[in-house]
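Okay, thanks for making time, everyone. I'd like to walk you through one model today, going from strands to charges to the core. Have a look at the screen.

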Amino acid sequence: MTYDFLIIGAGAAGANCAYTLKQAGKSVAVVDKEGIAKGASGAAGAFLSPLPGKKNSYNSLVNDALAYSIDFYEKLMPKLITKKGVLRVSNDNFDKTKLDGNALKHKVLKFKNIEGYYYADAAIVNPVDICNYLLKNCDFYQEDIQELNFKDGYYIFKNFKAKNIILAQGVNSPLVNYPYINISPMFGVKIDVKTSTEIPFNIHKSISISTNKADGTVAIGATQQNHSMTQGECNTTCDKCPFYINTDEEDVKSLLKQANELIDLDDLEVIKVSKGARATIKSYFPVLGKIIDYEKSLKKYPSIKKGTKIPSDLLEYYQNIYSINALGSRGFVFAPYLAKKLKENILDGVAIPKEISLEKLFYKYARTKGV
Ligand SMILES: Cc1cc2nc3c(=O)[nH]c(=O)nc-3n(C[C@H](O)[C@H](O)[C@H](O)COP(=O)(O)OP(=O)(O)OC[C@H]3O[C@@H](n4cnc5c(N)ncnc54)[C@H](O)[C@@H]3O)c2cc1C
């Protein structure tokens, strides 16, 4: 089989790219070593929440992506999204001043003994069913891709070949070297519970509690742990890590404690514990676009190290390889929006917005690190 696009990674990022390119008439295949939505995407809440606060480039991106993505899920998969809004309670990150002064439409609301700011444009989705739905018309192969071989205009694999590659690998080691993207994993646990308590909307403080979903469960998530390889023993939740210590019990306890501080959950029963690693970079922005070959570009233009900017089309790129990554804690908010931007870039030549472009990180890294 020959495909226009092969997407490596069947999480939210890969599934949305596959769907969008397929809709644009391209032939698309997806590979994943674990299966569909078995990485971070399978563990996600998956809450779709606005980011309040004084307008800046990050919360504008989040809120634009949120509006696009809620509309996308509602039109395409209405049964997989529950949109009842979120009651946001102030905490250390979002104090009253920030929540008061924010640009988003909201109202002050009291529910039981929780007072907060209610945003109607917030939802929760079913992450696994969404990925499966988006991939239902694409060929899927369960394979661990170890390397990319380019020959005569195609990337060649065992059973198929492809003209273009999209790397949607999350926290896994990238298949090409682009050192200017430094992905770090942020591990976390989410639980699904049963409760007889009626929860009219999602509630968010340091953790989120969902409204009662169509399947009768409530999601509570998520814990966050940075992974530091400098520690001899690392409290990660990733059982593939050599330093793995199982912290599930404490994580579940901590989530239930934080949930109970917000609302009494009657007849509570934990029915599922999910864990995964979110991919993040320092700035928290996601990254998107054609992958610049760092070494070749610097060899061609050494003055880049001193801050010279080169027109994009003159830089050296890996042949037809694109990246979508670092979706952080908002993968299901960002993925449909980023997939659309990537499609517009590849098929229509529309530039990737600067704040999420690989170029921005490439120049920054070249200036600070050199070769
Ligand atoms: C506990 C938790 C709670 C979260 N809650 C929310 C939330 O409430 N709202 C929200 O929007 N987001 C949430 N997120 C974040 C969200 O899950 C991620 O941002 C999103 O799933 C990232 O999607 P992805 O496709 O980039 O990565 P992943 O889902 O990790 O997918 C990457 C895939 O690539 C595959 N892969 C990598 N390399 C190869 C290779 N060489 N060959 C074959 N396959 C390969 C992996 O097997 C993996 O399946 C949460 C995440 C966690 C862990």
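So, ground rule for the strands: two of them pair if DSSP finds at least two bridges between them. Helices (H or I, at least four residues) and strands (E, at least two) are DSSP runs, numbered from the N terminus. And what you see is a predicted model, where local features need pLDDT of at least 70, side-chain atom pairs count only at pLDDT 80 or more, and totals for chains, interfaces and linings use all residues. Residues are numbered from 1 along each chain as its sequence is written, and side-chain values use heavy atoms, with hydrogens and water left out.

Let's begin with strand 16, residues 218-221. Strand 15 (residues 208-209) runs antiparallel to strand 16, joined by 2 bridges, and Ile209 has Ile220 as its bridge partner there. Strand 13, residues 184-194, also pairs with strand 16 in the antiparallel sense, over 4 bridges. In that pairing, Lys190 is partnered with Gly221.

Now, the faces. In a regular strand, side chains alternate between the two faces of the sheet. For strand 16 both faces are covered: Val218 and Ile220 on one side, Ala219 and Gly221 on the other, all of them buried. Buried here means under 20% relative accessible area, exposed is over 50%, and partly exposed is in between, with a 1.4 Å probe and protein chains only.

Back to Lys190, since we're on to charges. A salt bridge is a side-chain nitrogen of Lys or Arg within 4 Å of a carboxyl oxygen of Asp or Glu. That rule gives 9 salt bridges. One of them joins Lys190 and Asp192, at 3.2 Å from N to O, and both of those residues are buried.

Another runs from Asp248 to Lys275, with the closest N and O atoms 3.3 Å apart. That one links distant parts of the chain: Asp248 is in helix 6 (residues 248-262) and Lys275 in strand 18 (residues 269-280), 27 residues apart. Lys275 has a relative accessible area of 26%, so it counts as partly exposed.

Then there's Lys340 with Glu344, again 3.3 Å between the closest N and O atoms. Both sit in helix 8 (residues 331-348), 4 residues apart, or about one turn of the helix. Lys340 is partly exposed because its relative accessibility is 25%, while Glu344, at 17%, counts as buried.

Glu143 lies in the loop between strand 9 (139-141) and strand 10 (150-151).

Last stop, the core. A nonpolar core is a set of buried Ala, Val, Leu, Ile, Met, Phe, Trp, Tyr and Cys residues joined through side-chain atoms within 4.5 Å. The largest has 60 residues, and those touching the most other members are Ile7, Leu48, Tyr73, Ile166, Ile324 and Phe332. Helix 8 supplies the largest share, 9 residues. Apart from this core lies another, of 36 residues, including Tyr294 and Leu298.

That's the tour, thanks!
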